[in-house]
Amino acid sequence: MMNYSAVRSDPPDTPDNNPAIRADALSVVRGTRPVLRDLDFTVPRGQITGLLGPSGCGKTTLMRAIVGTQAKVTGTLDVLGRPAGHPTLRTRIGYVTQAPSVYDDLTIRQNLAYFAAILDPGHAAADRRHENVTRAIADVDLTSHADALAGNLSGGQRSRVSLAVALLGTPELLVLDEPTVGLDPVLRRDLWNLFHSIAASRGATLLISSHVMDEAERCHRLLLMREGRILADDTPDVLRTRTNSETVEAAFLHLVDEAVAAAGAKETMR
Ligand SMILES: Nc1ncnc2c1ncn2[C@@H]1O[C@H](COP(=O)(O)OP(=O)(O)O)[C@@H](O)[C@H]1O
Ligand SMILES: [Mg+2]
């Protein structure tokens, strides 16, 4: 088994005790189906929280609710001290979707300049945009490739370009939807190291989803999801200890069994 604990940085002190995200009785219906069911959780600031669960459990829906693009959300959902979707949150949140758009016929720098112009338009902002673009490219370690066409990049480099786009507005909260999907183990490790350096150097909060349980070991905190519910909201260490498991994957399976047994017991009592 791969043990990632050694490379996991300690969570920084959080001077601001308000969580980055607070959900209370949060539910979402898509079409006529309840997709998120009565979620209560918090995401602390300045740390990396992993949102883990199998495909279809509701990770993307939850992220869309957090960034304010999901319809039919009920309950309370506060993000950086404001209700989710509040206009002032637009520049404070960076969001990378599951299928991020990078233009193949533009260079890395041109891609970023394009998104920077949407985010911060106008002739007067040209110098600031140039600075932000250069810094975002440096933050994801692509300075030496800045003038390469995006179409010629590897999968891992493309993921880093998408991340750079999300970093343009200097967001306090980064929401990354399955950023490591399809990458080989070495690139996944490099990308997780990059997430940690962003959390440490910018003091940003990162919410990162994955359906690969071994990525859980790289997070400060975890939200484990199944079928639209949160099974656990804890640190990897506490989860493993509490369930007497060696890995977060084993802990997850243990919690699933518990949930199934509890549902069965309820059924028998009817
Ligand atoms: N546009 C939609 N209309 C109705 N149901 C949807 C829609 N998009 C997703 N769903 C359903 O919502 C559930 C959660 O999906 P999603 O949030 O994408 O999960 P995940 O990101 O964990 O794979 C799934 O069961 C999916 O079928
Ligand atoms: Mg998804």
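Me: In which strand is Thr-205 found, and is Thr-205 buried or exposed?
Reply: In this predicted model, Thr-205 is found in strand 8, which spans residues 205-210. Buried means under 20% relative accessible area. Thr-205 has a relative accessible area of 2%, so Thr-205 is buried.

Me: Which residues are in contact with Thr-205, leaving aside its neighbours within four places in sequence?
Reply: Sequence neighbours within four places are set aside here. The contacts then include Glu-172, Leu-173 and Leu-174.

Me: Which residues coordinate the magnesium ion (ligand 2)?
Reply: The coordinating atoms are OG1 and OE1, at 2.0 to 2.5 Å. OG1 belongs to Thr-60 and OE1 to Gln-98. The residues are therefore Thr-60 and Gln-98.

Me: How many residues apart in sequence are the parts that this pair ties together?
Reply: Thr-60 lies in helix 1 (residues 59-67). Gln-98 lies in the loop between strand 6 (93-96) and helix 2 (108-119). The pair therefore ties together parts whose separation in sequence is 38 residues.

Me: Which element supplies the largest share of the shell around ligand 1?
Reply: The residues around ligand 1 include Arg-30, Arg-33, Lys-59, Thr-60 and Thr-61. Strand 2 (33-43) and helix 1 each supply at least two residues of this shell. The largest share, three residues, comes from helix 1.

Me: What distance separates an oxygen atom of ligand 1 from an N or O atom in the side chain of Thr-61?
Reply: Arg-30 places a side-chain N or O atom 3.3 Å from a nitrogen atom of ligand 1. A polar side-chain atom of Thr-60 lies 2.8 Å from an oxygen atom of the ligand. For Thr-61, the distance to a ligand oxygen is 2.5 Å.

Me: What percentage of the accessible area of ligand 1 does the protein cover?
Reply: On its own, ligand 1 has 560 Å² of accessible area.

Me: How many of the nine residues of helix 1 are buried?
Reply: Lys-59 and Thr-61 are among the buried residues of helix 1. Leu-62, Met-63, Ala-65, Ile-66 and Val-67 are buried as well. Helix 1 is mostly covered, and its number of buried residues is seven.

Definitions and conventions
Residues numbered from 1 in each chain as written. Chains lettered and ligands numbered in written order. Predicted model: local features only at pLDDT ≥ 70, side-chain atom pairs only at ≥ 80, totals over all residues. Heavy atoms only, no water. Donors = N, O, S within 2.8 Å, 3.2 Å for Na, K, Ca; no water. Helix = DSSP H or I, 4+ residues; strand = E, 2+ residues; numbered from the N terminus. Near = heavy atom within 4 Å. Polar contact = N/O pair within 3.5 Å; in protein donor to acceptor, adjacent residues only side chain to side chain. Areas by Shrake-Rupley, 256 points an atom, 1.4 Å probe, with all protein chains shown as cover. Buried < 20%, exposed > 50% of the residue type's maximum accessible area, 1.4 Å probe, protein only. Contact = heavy atoms within 4.5 Å.
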